[in-house]
Amino acid sequence: AVGAGGTVLVASIYGFPISTTHALMGSLIGAGFMEIGDSVNIEILTSKFLGRLIVSPFLAIFLGSLIYIVIRVARKKSGLKKKKVRSTTELNKKGKSKKKKLKEYQGFIIGIDSQKAVDVTHVFSAGAVCFARSLNDTPKFVALFIAVQAFNIQVSMFVVGCGILIGGLLHSRQVAETIGNNITKLNHGQGLSVNIATAFLVIVASKVGVPFSTTHVSAGSLIGIGLINKKMNYKVVGEVLLSWLITLPLAACLRAFFYYFLIL
């Protein structure tokens, strides 16, 4: 738990969207090698976990870009236009607000205002991503399993909930900024495409019992959109990919370090 939590904390401080499942896996590997050495089941590790975690972002890149292309073609064929008509306020990295013009869709779909239809669908697609995350991210319950060994279930849920709240208040903005703004710039249709691709892939993976990372899938979908709209920040993408490569060995090393000093 300390190895995985420490890895995610370091990544969050620097705004890197890494997989908690990936960090937990690395921590378990560190535990395995410290306690049983070469008896760690490498075959199961690579075939059932690592391989699928590596494949998931590439599937997301393909599906995210495909869904966006389909939506864009459908919009153009239906005669819907985009126009800068609405202002919004955003916070920059220093926490200062700035005005930004948003493009809205002009026209109607089956008698429904196109912009309102996209906004409502976008909200539901975000809910679908949250549902998908709850289906596939069951390793997060490790914290609860550990807490119930010391407290009853009600107190354990309260303690874990407080941990989530404090973590969100401290460092969630940096990760949200990377995902939402820094990988690529998004309009309404592109954001909707990312959510649809993410929710679909993670729900399907959960159904067949494959441990996909929702974070990896979401970032992969964003990269797919960035390749199409040519607004991708390659420097940020490179940093994100590097953080993914470092996640597993860092978690393993942290686990081994804490095991050596706290257990041995």
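**Cysteines, charges and the overall fold**

Cys-130 is exposed, with a relative accessible area of 54%; here exposed means over 50% relative accessible area, buried under 20%, and partly exposed in between, with a 1.4 Å probe and protein chains only. Cys-253 is likewise exposed, at a relative accessible area of 53%. The structure holds zero disulfides, a disulfide being a pair of cysteine sulfur atoms within 2.5 Å.

The model is predicted, so local features need pLDDT of at least 70 and side-chain atom pairs count only at pLDDT 80 or more, while totals for chains, interfaces and linings use all residues. Residues are numbered from 1 along each chain as its sequence is written, and side-chain values use heavy atoms, with hydrogens and water left out.

Turning to the fold, the protein comes to nine helices and four strands (DSSP runs numbered from the N terminus, with helices being H or I of at least four residues and strands E of at least two). Along the sequence, the pattern reads α-α-α-β-β-β-β-α-α-α-α-α-α. Of the 264 residues in the protein, 38% are buried.

Two pairs of residues show how the chain folds back on itself. Leu-24 is found in helix 2, which covers residues 20-36, and Leu-24 is buried, with a relative accessible area of 15%. In helix 8 sits Thr-215, which counts as buried at 15% relative accessibility. Thr-215 and Pro-57 are 158 residues apart in sequence, yet their C-alpha atoms are 9.1 Å apart in space.

Which two residues form a salt bridge? Glu-239 pairs with Lys-235, and their closest N and O atoms are 2.9 Å apart (the criterion is a side-chain nitrogen of Lys or Arg within 4 Å of a carboxyl oxygen of Asp or Glu). The structure holds one salt bridge. Because Glu-239 and Lys-235 are four residues apart in helix 9, about one helical turn separates them. Glu-239 is partly exposed, with a relative accessible area of 32%, whereas Lys-235 counts as exposed at 60%.

Patches on the surface come next. They are made of residues with over 30% relative accessible area and no salt bridge, joining like charges within 9 Å and nonpolar side chains (Val, Leu, Ile, Met, Phe, Trp, Tyr) within 5 Å. A nonpolar patch is formed by Leu-9, Val-10, Ile-13 and Tyr-14, with about 400 Å² of accessible area together (Shrake-Rupley method, 1.4 Å probe, only the protein chains shown counting as cover). Val-10 belongs to helix 1, residues 2-13, and is partly exposed at a relative accessible area of 39%. A patch of positive charge gathers Lys-76, Lys-82, Lys-103 and Lys-231; Lys and Arg count as positive and Asp and Glu as negative, with His and the chain ends not counted, and each charge is placed at NZ of Lys, CZ of Arg, CG of Asp or CD of Glu. Lys-82 lies in strand 1, residues 81-91, and counts as partly exposed at 32% relative accessibility.

Most residues other than glycine have a negative phi. Lys-230 lies in the loop between helix 8 (214-229) and helix 9 (234-263), and is exposed, with a relative accessible area of 72%.
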